Amino acid sequence: YSASWRYDNAADFTDVVVGGSVGPLSNIAEIRLSVNAADSVGFDPADYVNVDYLRYSTTSAETLPTPEEYYAFWLGDYPGLGASTNLFDNNDGDPYINLWEYAFNGNPTVGEPIAFAPAVHDVVEIDGTNYIDYVYTRWKQPGDRGLSYYVQLNTDLVSGTWTNDTSKYEVIAGGTVDVDFWAVTNRINISNDDQLFIRAGVSIDLTP
């Protein structure tokens, strides 16, 4: 395969050279990826390539937004919040504070369930042991946003304690939900419990 690019005012494409420069990105009109198999023509004119991720790198140091800036960007999508911008504010009066709306892809201005709310997905038996598959949705690259996700378990809602007991569950799968969010499947061992309550937990560190 090979890649090439052309400027706005150019008719011809230039091959991309590893370590080379393609000039100012604002002037680039098109980037093309072509594929050939064993020096033969691999594509017809109607064929195309899907690219999941396209990464541009520069010779200068990359500066990512801080967790505080990421949160501020998210707040900017919801001007209806007014002054209710703190992590523990709940402008719409639903069960989810801003932290939960932010972490699990909710809308903090509309009192409705989160679209991808954490939930039990399946109950399975493997080699005589019973498990629950519990799925929650998280941001991709959550560490960049200062977010940490985990599962909390409790056997008694009256006198029990919510704990993140990693000896009782493991992450077994993940998958893309959309361009920003990732679904995480946690397999929880329930064989030794008469009852078990499960919830997703999230914490955030907004330290720059």
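**Close-up views of a predicted model**

Leaving aside neighbours within four places in sequence, Thr-137 is in contact with Ala-103, Phe-104, Phe-116, Tyr-149, Val-177, Phe-181, Trp-182 and Ala-183. The model shown here and in the views that follow is predicted.

View 1. Thr-137 belongs to strand S5, which covers residues 129–139. With a relative accessibility of 5%, Thr-137 counts as buried, because the limit for a buried residue is under 20% relative accessible area. Among the contacts of Thr-137 are the aromatic residues Phe-104, Phe-116 and Tyr-149.

**View 2. Phe-116 in the loop between H2 and S4.** Phe-116 is located in the loop that lies between helix H2 and strand S4. Is Phe-116 buried or partly exposed? Its relative accessible area is 35%, so Phe-116 is partly exposed. Not counting residues up to four places away in sequence, Phe-116 touches Phe-104, Asn-105, Thr-137 and Val-177. Phe-116 and Gly-106 are 10 residues apart along the chain, and their C-alpha atoms are separated by 8.0 Å.

**View 3. The hairpin of strands S4 and S5.** Strand S4, residues 119–126, pairs with S5 in the antiparallel sense, and the pairing extends over 7 bridges. Within this pairing, Val-120 stands opposite Tyr-134 of S5. The two strands form a hairpin with 2 residues between them, and Asp-127 in the turn has a positive phi of about 50°.

**View 4. The hairpin of strands S7 and S8.** Strand S7 (residues 169–176) and strand S8 (residues 181–189) run antiparallel and are joined by 7 bridges. The hairpin that connects S7 to S8 passes through 4 residues.

**View 5. The salt bridge between Arg-187 and Asp-133.** Arg-187 is a residue of strand S8. Which side chain meets that of Arg-187 in a salt bridge? The partner is Asp-133, at 2.7 Å from N to O. This pair links distant parts of the chain, with Arg-187 in strand S8 and Asp-133 in strand S5, 54 residues apart. Asp-133 has a relative accessible area of 6% and is therefore buried. The side chains of the two residues also make a polar contact, at 2.7 Å. Beyond neighbours within four places in sequence, the contacts of Arg-187 include Val-124, Ile-126, Tyr-131, Ile-132 and Lys-168.

**View 6. The salt bridge between Lys-168 and Asp-193.** The count of salt bridges comes to 2. One of them is formed by the side chains of Lys-168 and Asp-193, at 2.4 Å from N to O. Lys-168 lies in the loop between strand S6 (147–154) and S7, and Asp-193 in the loop between S8 and S9, so the pair ties together parts that are 25 residues apart in sequence. Lys-168 and Asp-193 are both buried.

**View 7. Ala-200 in strand S9.** Ala-200 is part of strand S9, which spans residues 197–204. Its relative accessibility is 2%, so Ala-200 counts as buried. Leaving aside neighbours within four places in sequence, Ala-200 is in contact with Trp-100, Phe-104, Pro-118, Tyr-134, Tyr-136 and Tyr-150. Ala-200 and Tyr-136 are 64 residues apart in sequence, while their C-alpha atoms are 6.9 Å apart in space.

**View 8. The largest nonpolar core.** The largest nonpolar core has 27 residues, and those with the most contacts inside it are Phe-104, Leu-147 and Tyr-149. Helix H1 (67–76), helix H2 (98–103), S5, S6, S8 and S9 each supply at least two residues of this core. Leaving aside neighbours within four places in sequence, Leu-147 is in contact with Leu-99, Tyr-102, Ala-103, Trp-139, Pro-142, Val-202, Ser-203 and Ile-204.

**View 9. The setting of the close-ups in the protein.** The secondary structure of the protein comprises 2 helices and 9 strands, in the order β-β-β-α-α-β-β-β-β-β-β from the N terminus on. Of its 208 residues, 28% count as buried. Among contacts between residues at least 6 apart in sequence, 52% join residues at least 24 apart. The accessible surface of the protein comes to about 13600 Å², and 49% of this surface belongs to carbon and sulfur atoms.

Key: Residues numbered from 1 in each chain as written. Predicted model: local features only at pLDDT ≥ 70, side-chain atom pairs only at ≥ 80, totals over all residues. Heavy atoms only, no water. Pairing = 2+ DSSP bridges. Buried < 20%, exposed > 50% of the residue type's maximum accessible area, 1.4 Å probe, protein only. Contact = heavy atoms within 4.5 Å. Areas by Shrake-Rupley, 256 points an atom, 1.4 Å probe, with all protein chains shown as cover. Polar contact = N/O pair within 3.5 Å; in protein donor to acceptor, adjacent residues only side chain to side chain. Salt bridge = Lys/Arg side-chain N within 4 Å of Asp/Glu carboxyl O. Core = buried A, V, L, I, M, F, W, Y, C linked by side-chain atoms within 4.5 Å.
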